Amino acid sequence: MDIEIIAVGGYNEVGRNMTAVRCGKEIVIFDMGLRLDQVMIHEDADIENMHSLDLIEMKAIPDDTIMNGIEGSVKAIVCSHGHLDHIGAIPKLAHRYNAPIISTPYTSELIRQQIAGEQKFGVNNKLFALKAGQRYTISPHLTLEFVRAQHSIIDTVFPVLHTPRGAVVYANDFKLDRTPVIGEPPDFARLRQIGKEGVIALITESVNIADNGRCPSEKIARDLVRDTITSYEDDKSALFVSTFSSHISRVKSIAECAHEIGRKPVLLGRSMERYSSAAEQLKLVGFPESLSMFGNRRTVDRTLRRIMKTGKDKFLPIVTGHQGESGAILTRIVMGDTPYKLEKGDKILFSAKVIPNPMNRGQRYLVEARAKMAGVRIFDELHVSGHAYKEDHYEFLHLLNPQHVIPSHGDISMTGGYAKFAEEIGYTLGNDLHIMRNGKSVLIK
């Protein structure tokens with residue numbers, strides 16, 4: 001059986017991830033992601049109403065037109081987790097394939113919401129929720145298995161495609177967190193077993209390959225947040241925290257710290273409400289009873305007015321806007337576009353890193369500069385990454401012992417950095433180690 005790996009998107013950049021694996025005449029697609037910064041540079045971009053071909057031209061979603069030249073039929077679309085750079089293009093592309101979309105229960109719910117908001121295309125693919133530890137028979141020759149992983153969003157897995165020639169492991173994205181805040185550590189025992197059974201190819205992220213050592217556990221981020229928040233237990237000023245809306249573990253830690261010091265945690269922002277309410281409904285997280293959440297702009301402003309009136313020391317708002325995005329709650333507060341007035345001594349905690357592109361850096365600088373003009377104290381980088389570091393990748397390779405390695409999810413400096421690392425431990429570029437670019441493919445011999 002021929003096995004061909006097709007790099008559709010996410011091999012020239014961080015974002016718009018999409019990889020196709022052809023086994024004989026059967027094809028399995030892994031992820032269909034969005035590259036948000038390519039959309040943000042077009043101020044009038046309204047994704048829900050845009051055509052896929054326009055978004056492909058903007059380099060915002062994968063150029064899957066290359067799939068027209070691949071012989072075979074798509075049997076499944078598999079998503080590893082619910083971040084937009086992995087599921088954001090599904091409303092634009094999935095309808096082209098007569099195949100179910102298979103993902104974990106939380107990811108499936110986020111995909112369902114994405115499809116519901118789509119205005120241009122009708123997406124009628126069946127959504128199939130598969131839990132970590134379960135298997136799905138794609139065809140007589142192909143079986144999909146979800147192996148438990150950890151990342152900066154809950155319900156993340158390593159999809160493993162079992163073929164007659166061995167397993168193809170898709171590892172975009174992961175960290176080897178042995179002390180997670182939500183859920184269990186990655187299933188090391190199963191990964192080791194799969195390695196013994198035989199892995200013909202590993203497709204792996206390369207985002208943090210330049211970082212030495214191991215990626216710190218989410219427990220470390222929880223401690224960073226707790227140390228800062230609890231040190232202001234008797235402070236009468238405002239405490240705002242901004243983090244990734246999809247980072248449910250972090251939101252839970254912040255909410256629990258607020259509860260600990262006698263402040264009511266309040267989630268503000270559409271995406272904050274969407275991600276957290278979905279996690280709560282699926283019973284994947286338990287928040288303090290005092291927590292409330294508001295997404296609608298009018299109710300957010302009403303809540304901010306109530307906080308001003310009741311006393312800012314009674315609440316801890318957890319808000320969108322850590323990248324300085326226009327329209328996000330924190331940005332609106334800082335720019336004076338809400339009933340809330342920032343005052344000297346108020347504090348803003350960023351439990352997130354700036355995503356490194358010029359637009360985000362500029363927007364975030366503007367938010368911080370305006371906040372400081374009002375006398376606000378800024379606490380930055382109360383955060384740990386959701387992506388494996390070099391020593392995590394070393395351990396991962398030794399667990400799986402793959403015959404072939406394909407670095408993905410990164411620009412050439414990242415995938416090239418991974419190739420250099422893999423060569424140091426015995427792989428050979430062009431033989432069993434393959435650097436791919438969008439639109440290219442490799443036949444696994």
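## Basis of the description

The model is a predicted one, in which local features need pLDDT of at least 70 and side-chain atom pairs count only at pLDDT 80 or more, while totals for chains, interfaces and linings use all residues. Residues are numbered from 1 along each chain as its sequence is written, and side-chain values use heavy atoms, with hydrogens and water left out.

Six strands form an open sheet in the order 7-8-9-10-11-18, and their pairing is mixed. Its edges are strand 7 (135-137) and strand 18 (404-408), each of which pairs on one side only. Direction ignored, neighbouring strands of this sheet are turned by 15 degrees against each other on average. Strands here (E, at least two residues) and helices (H or I, at least four residues) are DSSP runs numbered from the N terminus, and two strands pair if DSSP finds at least two bridges between them. Strands of a sheet pair through backbone hydrogen bonds, either parallel or antiparallel.

Helix 6 (residues 188-197) lies across strand 7, strand 8 (143-148), strand 9 (157-163), strand 10 (166-171) and strand 11, and runs at about 140 degrees to strand 8. Helix 13 (residues 390-400) lies across strand 9, strand 10, strand 11 and strand 18, running at about 165 degrees to strand 11. These angles are taken from 0 to 180 degrees between N-to-C directions, with axes fitted as lines to C-alpha atoms, for helices over the stretch in contact.

Within helix 6 lies R190, which counts as buried because its relative accessibility is 16%; buried means under 20% relative accessible area, exposed over 50%, and partly exposed in between, with a 1.4 Å probe and protein chains only. Leaving aside neighbours within four places in sequence, R190 is in contact (heavy atoms within 4.5 Å) with R135, E145, V147, H162 and E197. The side chains of R190 and E197 are joined by a polar contact of 3.1 Å. A polar contact is a pair of N or O atoms within 3.5 Å; within protein, one must be able to donate a hydrogen and the other to accept it, and residues adjacent in sequence count only if both atoms are side-chain atoms.

## Helix 7 and its surroundings

The 13 residues of helix 7 (residues 218-230) should span 18 Å at 1.5 Å a residue, and the end C-alpha atoms are 18 Å apart, which agrees; the expected span is 1.5 Å times one less than the number of residues. At the start of helix 7, a side-chain oxygen of S217 reaches to within 3.0 Å of the backbone nitrogen of K219.

The buried residues of helix 7 are E218, A221, V225, T228 and I229. They cover an arc of only 95 degrees around the axis, which puts them on the same side of helix 7, the arc being that of the directions from the helix axis to the C-beta atoms. These buried residues pack against strand 12 (239-243), helix 8 (248-260), strand 15 (315-319), strand 16 (347-351) and strand 17 (377-379).

## Strand 15

Five of the five residues of strand 15 are buried, so strand 15 is largely enclosed by the rest of the structure. Both of its faces are covered, with F315, P317 and V319 buried on one side and L316 and I318 buried on the other.

Strand 12 runs parallel to strand 15 and is joined to it by two bridges, and V241 stands opposite I318. Strand 13 (residues 264-268) also pairs with strand 15 in the parallel sense, over five bridges, and L268 stands opposite V319.

## Loop residues and backbone geometry

In the loop between strand 11 and helix 7 is N208, which counts as buried because its relative accessibility is 11%. Not counting residues up to four places away in sequence, N208 touches S385, H387, A388, Y389 and K390.

Most residues other than glycine have a negative phi, and most peptide bonds are trans. R16, in the loop between strand 1 (3-9) and strand 2 (18-23), has a positive phi of about 35 degrees although it is not a glycine, and R16 is buried with a relative accessible area of 7%. K59, in the loop between helix 2 (52-57) and strand 4 (73-78), has a positive phi of about 60 degrees, again without being a glycine, and K59 is partly exposed at 47%. The peptide bond from N172 to D173 is cis, with omega near 10 degrees, and D173 lies in the loop between strand 10 and helix 6.
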